[in-house]
Amino acid sequence: MKQTKVAFLFFLLLFFLRSCEKEIDKNIDFSKKIELKKLHQKLISKDFNFNEKLSFGKEILTYKPLEDSISYFTLNSISYFFSKLNTLDSAIYYSKQMLALNITKNNSDYLGEVNYKLGGYFNKKNLTDSALYYYNKSKEHYLKVNDTLRLSGCLYNISVIESDYGNYSVSDSIMIEALKYIGKKRLQIAASAYNCLAINSKKRFLYQAGIFYYEKALEISDKKSSKIKFKNNIANVYKEQTDYTEAISILEDLLKDSIKNKKTKIRVIDNLAHIKWLQDSTQNVLKELLYVKTIREEEKDNYGLIASYSHLSDYFYKNDEIKSLFYAYKMYETSKQAKSSQDQIEAIDKIALLETPQKAIKYYKVSIHIRDSLKEADIKRVYKFAKIKYNYYEEEKQKLKFKTLAIENELIAEQENNQKKNILISSILLISGLLFLAYRRKQQHKKRILQENYNTETRIAKRLHDELGNGIYNAITKVLNPKFKTEEIVNDLDKIYLQTRAISHENDSVETGKNFDTYFRGLVTSYNSAACKIMLKDMSVIGLNTLDKEKQIVIYRVFNELFVNMKKHSNASSVVLSGKKTLNHLEMKYMDNGVGFKENAIIFKNGLKNMETRIKSINGTIKFENKSDKGIQVTIHFKK
């Protein structure tokens with residue numbers, strides 16, 4: 001009893017400790033959720049800078065396990081903060097981690113978003129080949145979910161990259177497709193798309209098409225700064241066509257409006273002054289050119305300064321070679337700082353025209369080296385770009401191949417299932433049909449047996465009435481009449497006994513099996529008499545003991561019927577039973593020397609019909625015919 005109490009207390013203590021552990025786990029989980037919620041609020045708060053938010057995000061990622069949805073949001077935020085801090089490699093690293101999440105792998109919305117982000121980051125790094133790869137991947141997923149808004153962004157960026165690589169026709173076709181998805185709601189993006197088409201046309205010297213697309217962009221743009229940019233671009237196209245009057249008119253109209261962006265205003269003033277000088281080199285535009293240069297130097301706008309130094313070098317070329325050479329050198333140095341190879345080559349071309357032959361040769365060598373480097377870099381760049389495009393399309397082909405293969409396998413599997421179903425249905429129908437036929441045959445067999453039983457009973461009743469009834473009546477009459485002798489009465493009674501035994505033989509049960517041969521010979525012996533001898537010939541070849549039970553019964557009944565008919569009608573004195581075997585077929589013959597069928601006409605009454613029905617039940621045949629000399633012949637054929 002004491003041990004039972006101790007054991008009970010021990011289990012109670014274990015239960016209490018386990019309950020405490022569960023409660024502690026619940027408290028830990030609850031505490032963890034509160035901490036995560038606080039960190040999440042800090043992550044989205046405007047009170048912290050990007051570096052602080054990065055530390056909150058990284059801290060959230062230390063919590064394990066972490067739901068995929070929380071991981072996705074946190075990684076997305078971290079990559080965004082790094083991009084804002086221009087730490088693009090880190091932004092790319094955390095974006096790629098998003099691709100490894102289970103929530104992302106099978107979700108085209110998420111895959112489209114992450115690949116688009118990666119395309120943007122690589123584009124900012126000027127790794128446009130990689131950017132193209134990820135924009136294409138993003139496009140593929142947005143197509144799946146029919147997100148036309150984001151799809152248009154992918155197509156726009158792909159088109160711009162193709163344009164940068166000089167594939168202007170390809171860029172055009174992609175941008176026109178993008179415009180279908182952009183629609184009328186995103187007018188500013190549509191305007192940028194027309195701007196790209198205009199640039200492609202201008203690069204191919206299709207100036208009228210370029211003006212058309214710039215005007216389309218101008219027409220739908222809803223931003224003043226963009227409108228100024230498009231008008232300035234139209235003026236540059238007219239400048240390329242040497243239609244300086246139209247270009248000047250556009251730029252002067254622009255300056256009449258208030259241009260808030262200082263950099264844009266300076267660009268317009270510079271373009272206007274340069275075009276005026278191109279139209280008439282005697283025009284004094286030096287004041288405007290120097291003003292623009294000064295502002296750009298203050299703003300440290302290197303790319304703007306390259307244009308200013310180029311325009312000033314051209315302005316002084318005919319009138320003051322020293323100043324022209326000075327600004328050519330300034331253009332060269334500034335383009336080196338900006339790492340603009342094309343501008344370096346242009347600056348060297350200006351220097352070579354103004355310097356001494358010896359120095360000109362030196363700069364020409366530098367120019368040749370830069371041109372060769374540019375050519376080599378361009379070849380590598382184009383090759384890398386083409387390779388990435390090729391790899392992407394090969395990857396897509398492989399995906400399509402596997403998709404097609406998967407569809408084919410599904411079709412094959414479906415066909416196999418259909419075949420199996422058809423086979424099953426056919427089997428069911430076949431089995432049902434066979435069962436129905438078996439049932440029907442069984443019912444027919446039962447019906448035939450019932451009919452045979454009825455016929456047998458009718459025949460027995462008739463014979464009892466016709467044969468035995470009359471015989472017994474005559475015998476009784478003779479017994480009552482003293483005139484008849486005892487010997488005559490005994491003969492009548494003997495005759496009645498024989499008739500009774502014949503009826504019994506016809507209808508008693510048949511002994512089948514391995515002793516059937518003996519039983520059959522007993523039947524023969526019972527009908528054998530001094531008046532009619534029955535002989536057996538080659539009956540051993542039939543193998544009566546080895547026959548099926550049904551066949552033994554049929555043979556017994558048929559020959560008993562033959563013997564009865566022989567006794568009643570044939571007046572035969574001799575009967576021969578013979579057997580013959582051919583392969584798997586058996587033949588049994590009955591021949592007698594009686595009167596045969598009258599006038600050779602075989603009339604199938606009950607006896608003959610019964611014999612024929614019985615033989616057919618064992619798939620055999622029976623043939624009745626008169627012999628040429630005297631008597632009848634009955635031939636029976638059946639399979640062993």
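How many residues does H10 have, and how far does H10 reach from its first C-alpha to its last? In this predicted model, H10 has 17 residues and reaches 24 Å between those two atoms, close to the 24 Å expected at 1.5 Å a residue.

The buried residues of H10 include Gln188, Ala190, Tyr194, Asn195, Cys196, Leu197 and Ser201. The helices against which the buried residues of H10 pack are H8 (148-164), H9 (168-182), H11 and H12 (224-240).

The largest nonpolar core comprises 68 residues, and within it Leu179 and Leu251 touch the most other members. Helix H10, spanning residues 187-203, gives the most to this core, with 7 residues. A second, separate core contains 39 residues, among them Ile534, Ala572, Leu577 and Leu586. In soluble globular proteins, nonpolar side chains tend to be buried together. As for Leu251, once its neighbours within four places in sequence are left aside, its contacts are Asn232, Ala235, Val268, Asn271, Leu272 and Ile275.

The surface presents a contrasting arrangement. There, Leu430, Leu434, Phe436 and Leu437 form a nonpolar patch with about 430 Å² of accessible area together. Of these residues, Leu437 is placed in helix H19, which covers residues 357-480.

Most residues other than glycine have a negative phi, and most peptide bonds are trans. Phe205 occupies the loop between H10 and helix H11 (207-220). Its side of the model is open to solvent in the sense that Phe205 is exposed, with a relative accessible area of 61%.

Aspartate 538 likewise has a positive phi, near 55°, in a residue other than glycine. Its place is in the loop between strand S1 (533-537) and helix H22 (549-570). Asp538 is partly exposed, at a relative accessible area of 47%.

A further backbone feature concerns the peptide bond itself. The bond from Lys64 to Pro65 is cis, with omega near -10°. Pro65 belongs to the loop that lies between helix H2 (50-61) and helix H3 (68-84).

Terms used:
Residues are numbered from 1 along each chain as its sequence is written. This is a predicted model: local features need pLDDT of at least 70, side-chain atom pairs count only at pLDDT 80 or more; totals for chains, interfaces and linings use all residues. Side-chain values use heavy atoms; hydrogens and water are left out. A nonpolar core is a set of buried Ala, Val, Leu, Ile, Met, Phe, Trp, Tyr and Cys residues joined through side-chain atoms within 4.5 Å. Buried means under 20% relative accessible area, exposed over 50%, partly exposed in between (1.4 Å probe, protein chains only). Helices (H or I, at least four residues) and strands (E, at least two) are DSSP runs, numbered from the N terminus. Contact means heavy atoms within 4.5 Å. Patches are made of residues with over 30% relative accessible area and no salt bridge: like charges are joined within 9 Å, nonpolar side chains (Val, Leu, Ile, Met, Phe, Trp, Tyr) within 5 Å. Accessible areas come from the Shrake-Rupley method with a 1.4 Å probe; for residues, only the protein chains shown count as cover. A salt bridge is a side-chain nitrogen of Lys or Arg within 4 Å of a carboxyl oxygen of Asp or Glu. The expected span of a helix is 1.5 Å times one less than its number of residues.
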